[in-house]
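Have the structure open as you read.

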Amino acid sequence: MEGERTVLLRSGEVKVRVRRSSRARRIRLVMLPRVGPELVIPDRTSGRTIDEALETFTPWLERTLARMRPDALGLARPGVAWHGGEAVTLRLVEAKRLSAGWSDGALELRAPDREGAATALERWYRDAAREALAASIELQAPALGVAHTSLVVRDQKTRWGSCSSRGTLSFSWRLLLAPSWVLDDVVCHELCHLRVRNHSQAFWSLLAEHRRTADARPWLRAHGPEVSTYLPIDSIGMP
Ligand SMILES: [Zn+2]
């Protein structure tokens, strides 16, 4: 039971030290300098309870580790939102109905409370992402001679974009948090799939010929975990 457990995160595997403590009243996960994550458990905690606790703590662990990386973007910073990789100042205004919009160079969120403000921010991200994606498609599709049937913006946890056989292009709104060249390259990738469905040599040649930016995959590999675990409420901060 005691010793070490391996937890599978989106960014890879991580070892969690498990330590029994007679003084511990409840299970907690702490991040220790140089040691890493440690799960402190009360005596007589069953193996199954440990597994359940690790599952519960996984999102926190994922976010905390993403933030600790030396090249972290620092997305989870109160008071700022993100648009095309740029920090945008947030202003919170108390209001009954949720809304979000630009005002004096800041993004103003109107909501009754913190949770409402986070909801308003996520809606804004989705709308702004749709706008940025549509503009990028419009810019890049003519050169490829392709047309999509519809554009879907969602919160895909495992992929940044996809292309259905019916010509629907789907993207994660989280691409808006990334620099705009990353979004452009992901869009170009999916547009190329409208011509070549698979990842054959022909596909990569087509992409290499048409991409207007650097290859976004290294950036997404480095920052993907932080981008995909960011929560709009991180930007709102404490009351
Ligand atoms: Zn692909």
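## Domains and overall layout

Domain bounds, as used here, come from an automatic or database domain assignment. On that basis the protein is divided into domain 1 (3–68) and domain 2 (124–236), and the C-alpha centres of domain 1 and domain 2 lie 34 Å apart. The contact between them takes 5 residues from domain 1 and 4 residues from domain 2, where two residues are in contact if their C-beta atoms, placed from the backbone, lie within 7 Å. The side of domain 1 that touches domain 2 has 1 nonpolar, 1 polar and 3 charged residues. For these classes, Ala, Val, Leu, Ile, Met, Phe, Trp, Tyr, Cys and Pro count as nonpolar, Asp, Glu, Lys and Arg as charged, and the others, Gly among them, as polar.

Please keep in mind that this is a predicted model: local features need pLDDT of at least 70, side-chain atom pairs count only at pLDDT 80 or more, and totals for chains, interfaces and linings use all residues. Residues are numbered from 1 along each chain as its sequence is written.

## The protein in totals

The secondary structure comes to 6 helices and 11 strands; helices (H or I, at least four residues) and strands (E, at least two) are DSSP runs, numbered from the N terminus. The C-alpha trace spans about 70 × 50 × 30 Å along its principal axes.

Of the 239 residues in the protein, 27% are buried. A residue is buried if 20 or more other C-beta atoms lie within 10 Å of its own, exposed if 12 or fewer, and partly exposed in between, with C-beta atoms placed from the backbone. Among contacts between residues at least 6 apart in sequence, 48% join residues at least 24 apart.

## A four-stranded open sheet

Now to an open sheet of 4 strands, which has the order E5-E6-E8-E7 and mixed pairing; two strands pair if DSSP finds at least two bridges between them. Strand E5 (80–83) and strand E7 (99–103) each have a single partner strand and stand at the edges, so one side of each is left without a neighbour in the sheet. Neighbouring strands of this sheet are turned by 35° against each other on average, direction ignored.

E5 and strand E6 (residues 86–94) run antiparallel and are joined by 4 bridges. Here Trp82 stands opposite Ala87 in E6. Helix H2 (residues 114–144) packs on the sheet, where it touches E5, E6, E7 and strand E8 (106–111). The direction of H2 makes about 130° with that of E8; axes are lines fitted to C-alpha atoms, for helices over the stretch in contact, and angles run from 0 to 180 degrees between N-to-C directions.

Glu4 lies in strand E1 (residues 3–9) and counts as exposed, because it has 10 C-beta neighbours inside 10 Å. Which residues does Glu4 contact, leaving aside its neighbours within four places in sequence? They are Lys15, Val16, Arg17 and Val18. Glu4 and Arg17 are 13 residues apart in sequence and 4.5 Å apart in space, C-alpha to C-alpha.Arg44 is found in the loop between strand E4 (36–42) and helix H1 (47–68). Arg44 has a positive phi of about 60° although it is not a glycine, and with 9 C-beta neighbours inside 10 Å it counts as exposed. Asp104, in the loop between E7 and E8, has a phi near 50°, a positive value in a residue other than glycine. Asp104 has 7 C-beta neighbours inside 10 Å and therefore counts as exposed.
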